[in-house]
There are 2 protein chains.
Amino acid sequence: MRPAAITGEKRTMTNLLDNIEEILLMGPGPSCVHPRVYSALGRNVLGHLDPHFLTIADELRELLRRIMNTKNEFTIPISGTGSAGMEASFVNLVEPDDRVLVLTNGLFGLRMQDVARRLRARVDVLDFPWGRPVVTEEVEKAVRNNPYRIVAVVHAETSTGVRNPVKEIGSVVNGTDAIYLVDTVTSLGGMNVFMDEWHCDALYSSTQKCLSCPPGLAPLSFSEKAMARVRARKARVPNWYLDFTMIADYWGQNRVYHHTAPISMIYGLYQAALLIIEEGLEQVFERHKRNHLALVEGLEALGLKMLVEEPFRLPMLNTVLVPEGVDEASVRRRLRNEFKIELGAGLGPLAGKTWRIGLMGHTSREENVSRFLSALGRVLEG
Amino acid sequence: MRPAAITGEKRTMTNLLDNIEEILLMGPGPSCVHPRVYSALGRNVLGHLDPHFLTIADELRELLRRIMNTKNEFTIPISGTGSAGMEASFVNLVEPDDRVLVLTNGLFGLRMQDVARRLRARVDVLDFPWGRPVVTEEVEKAVRNNPYRIVAVVHAETSTGVRNPVKEIGSVVNGTDAIYLVDTVTSLGGMNVFMDEWHCDALYSSTQKCLSCPPGLAPLSFSEKAMARVRARKARVPNWYLDFTMIADYWGQNRVYHHTAPISMIYGLYQAALLIIEEGLEQVFERHKRNHLALVEGLEALGLKMLVEEPFRLPMLNTVLVPEGVDEASVRRRLRNEFKIELGAGLGPLAGKTWRIGLMGHTSREENVSRFLSALGRVLEG
């Protein structure tokens, strides 16, 4: 079906936006969006140098600091999705031949290696099995014996549902010269992230997971140690769009024009962050935990097995093994079409073998857990 | 004023979004947004691999092809602002030591030089005065004597209000091996852009100018010649986030996950593009022209002088000289505070000497021209 706009002259008949169903988003993101965030997106656009817009942007930065538990001045939303947060972190920090250690136990660790290598870093890897956490003792050995410039890890591995010991690794990296770079794309807003206490120097996230805002921005924070590294670069950042030396001048007191900030998305993220702070961080995390436990209990009652061992499970992303003989894609299709529920597929070595069930942000509600379990039960019955 | 969210415990009182005024956006972008685009932003988020979302995204690509007048398969919205479109164009095309010619007569030409040099291109520049167009004959001499890999130009120089002769330059670059790279950030959707007919190989734009959507995406198109250049690179694109070899796999039939598409912004851009096609491209351009002429007439009646000579003026961005003895910043401040109108300041050598008056997209309406002229008249009276 093709709208008249494309084939004919003028006066379109079909607007595909009119047929958007309300899908319960229980994949690895985007997650469900709160009605107040939808309203925020539709507020009047202001100029990107308008005083009231800058006040909103400044308050958003304060809210992000609260959620990240940091005092870092350079805490901003990057004008791109979570992956742009990863790109921005590496491109500002890496100089050619820098030694970078990437702790890898899933797709997003692999992606970090790829990003860093393209920037001509010398990348070392500590590899751990998909579905198992990074082992801090091995990191300790590695950083003791090698003068790394950066040590990078993913907090919540979205590809497997594993929580990595970011705090413990931080205490090992702390005291070395390395910048400690942490991906909190899936964890931020759904579980504790103590950026300063855990000695993280660079941290980025996304909007469409536990912050429950549509995708499009990457909340990011750099410590003074990380910013000093950027300022001390020999060559300029090989990426104009993401160059923090210039971006800091827009977000700082000077308000120097760099690129036009994504106004409406910033409204949305401000509202989303405000909802979290209003509910209370501890209450939000408790809700994620509670619904996660209810989901696991329900899945086990259906005879399903979790991929990850209990102590390393994420509250917001649940990876479950597809039972023998079940066509995983057709289960997802039926859930989407008959029950209006989106479920995530496995990635990499886990493709075809797992489902990824998101309970992120506004999706993490008791009624969604029951609705999902009942739907899955019916689909698995055949 | 600081919301309770920041200072206190829970239960915020102040939501800064509640105090957003409706400002008539007559700066260099963002422009006013149509109510239907605001509604589009608030539609239910779907997954980035959801079949209905992919249909919307595909139709958006068709609409963009219509507005760009191209048949290029690789025509997509880049997940970043217009500047990310510039970054993406250069980072995919430039390899170290490539010879790049940048035609420069304003800030955005300068920015192109900066972007290309950071990617280790050997950049040559043909410089023309700010406020004057690029001279095709000089480009002809340059490309005849030098085997450039890329020739880059800005169609509508947002810093000066000058229209560059993109068609004429195209006929000169055509026949050389160079990729012809054109910035249509400010022109697209407000005046004719014939990507294929003008022999453009790479073209990008933004959403917040004549497409009248909030900032956040960069519509972009690469010809087969440009894509072949990307595929023939010796080294991988030094930017994972913007690597077109991977991005093409998401937008193509394979739908390979790369990064999460900015769903809501894509809804908004789809609706904005549909509005343009519904009105009719010729009608939209005629409206821009008509309101531009009315504005110029009104400005001249107020005794003001345009920076740019008549044949090279843009219909959507009008640069006017600040009269002797007038404090330009205080005029802008009064327009913003008393009349709720945003006006653009001058940039670079034109800072303090010019105002930039945008009549872009949904802003380009007769009533806005009269409202602005009457307000400006009153402010200038003192």
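Biologist: Let's start with one residue of this predicted model. In which helix is the place of Val284(B)?

Modeller: Happy to begin there. In chain B, a helix runs over residues 281-301. Val284(B) has its place in that helix, which is H11 of chain B.

Biologist: Is Val284(B) buried or exposed?

Modeller: A residue is buried if 20 or more other C-beta atoms lie within 10 Å of its own. Val284(B) has 21 other C-beta atoms within 10 Å, so Val284(B) is buried.

Biologist: Which residues does Val284(B) touch, not counting residues up to four places away in sequence?

Modeller: Contact here asks for C-beta atoms that lie within 7 Å. Leaving out residues up to four places away in sequence, Val284(B) touches Ile276(B) and Glu279(B).

Biologist: How far apart in space are Val284(B) and Asn192(B), C-alpha to C-alpha?

Modeller: In sequence, 92 residues separate Val284(B) and Asn192(B). In space, C-alpha to C-alpha, the distance between Val284(B) and Asn192(B) is 10.0 Å.

Biologist: Now the two chains together. Through what turn can chain A be laid on chain B?

Modeller: The superposition gives an RMSD of 0.0 Å, with a shift of 0.0 Å along the axis. The two copies are thus related as by a two-fold rotation axis. In chain A, the C-alpha nearest that axis belongs to Gly80(A), 2.5 Å from it.

Biologist: Which helix gives the largest share of the side of chain A that touches chain B?

Modeller: Good question! In this contact, 70 residues of chain A meet 70 residues of chain B. Several helices of chain A each supply at least two residues, among them H3 (51-68), H4 (82-93) and H10 (263-279). The largest share, nine residues, comes from H10(A).

Biologist: How many nonpolar residues does the side of chain A that touches chain B have?

Modeller: Sorted by class, this side has 24 polar and 13 charged residues. Its nonpolar residues number 33.

Biologist: How far apart do the C-alpha centres of domain 1 and domain 2 of chain A lie?

Modeller: Domain 1 is made of 7-32 + 280-381, and domain 2 covers 35-277. Their C-alpha centres lie apart by 26 Å.

Biologist: Which helix supplies the largest share of the side of domain 1 of chain A that touches domain 2 of chain A?

Modeller: The contact takes 27 residues from domain 1 and 26 residues from domain 2 of chain A. On the domain 1 side, 17 residues are nonpolar, eight polar and two charged. Helix H11 (281-301) and strand E11 (317-321) each supply at least two residues there. The largest share, four residues, comes from H11(A).

Biologist: Last one, on the whole chain. What radius of gyration does chain A have?

Modeller: Chain A has 13 helices and 13 strands, and its C-alpha trace spans about 60 × 55 × 45 Å along its principal axes. Of its 382 residues, 57% count as buried. With 382 residues, a compact globule would have a radius of gyration near 21 Å, and chain A agrees, with 21 Å.

Conventions
Residues are numbered from 1 along each chain as its sequence is written. Chains are lettered from A and ligands numbered from 1 in the order in which they are written. This is a predicted model: local features need pLDDT of at least 70, side-chain atom pairs count only at pLDDT 80 or more; totals for chains, interfaces and linings use all residues. Copies are superposed by least squares on the C-alpha atoms of residues with pLDDT of at least 70 in both. Two residues are in contact if their C-beta atoms, placed from the backbone, lie within 7 Å. Ala, Val, Leu, Ile, Met, Phe, Trp, Tyr, Cys and Pro count as nonpolar, Asp, Glu, Lys and Arg as charged, and the others, Gly among them, as polar. Domain bounds come from an automatic or database domain assignment. The radius of gyration is taken over C-alpha atoms; the globule rule is 2.2 Å times the number of residues to the power 0.38. A residue is buried if 20 or more other C-beta atoms lie within 10 Å of its own, exposed if 12 or fewer, and partly exposed in between; C-beta atoms are placed from the backbone.
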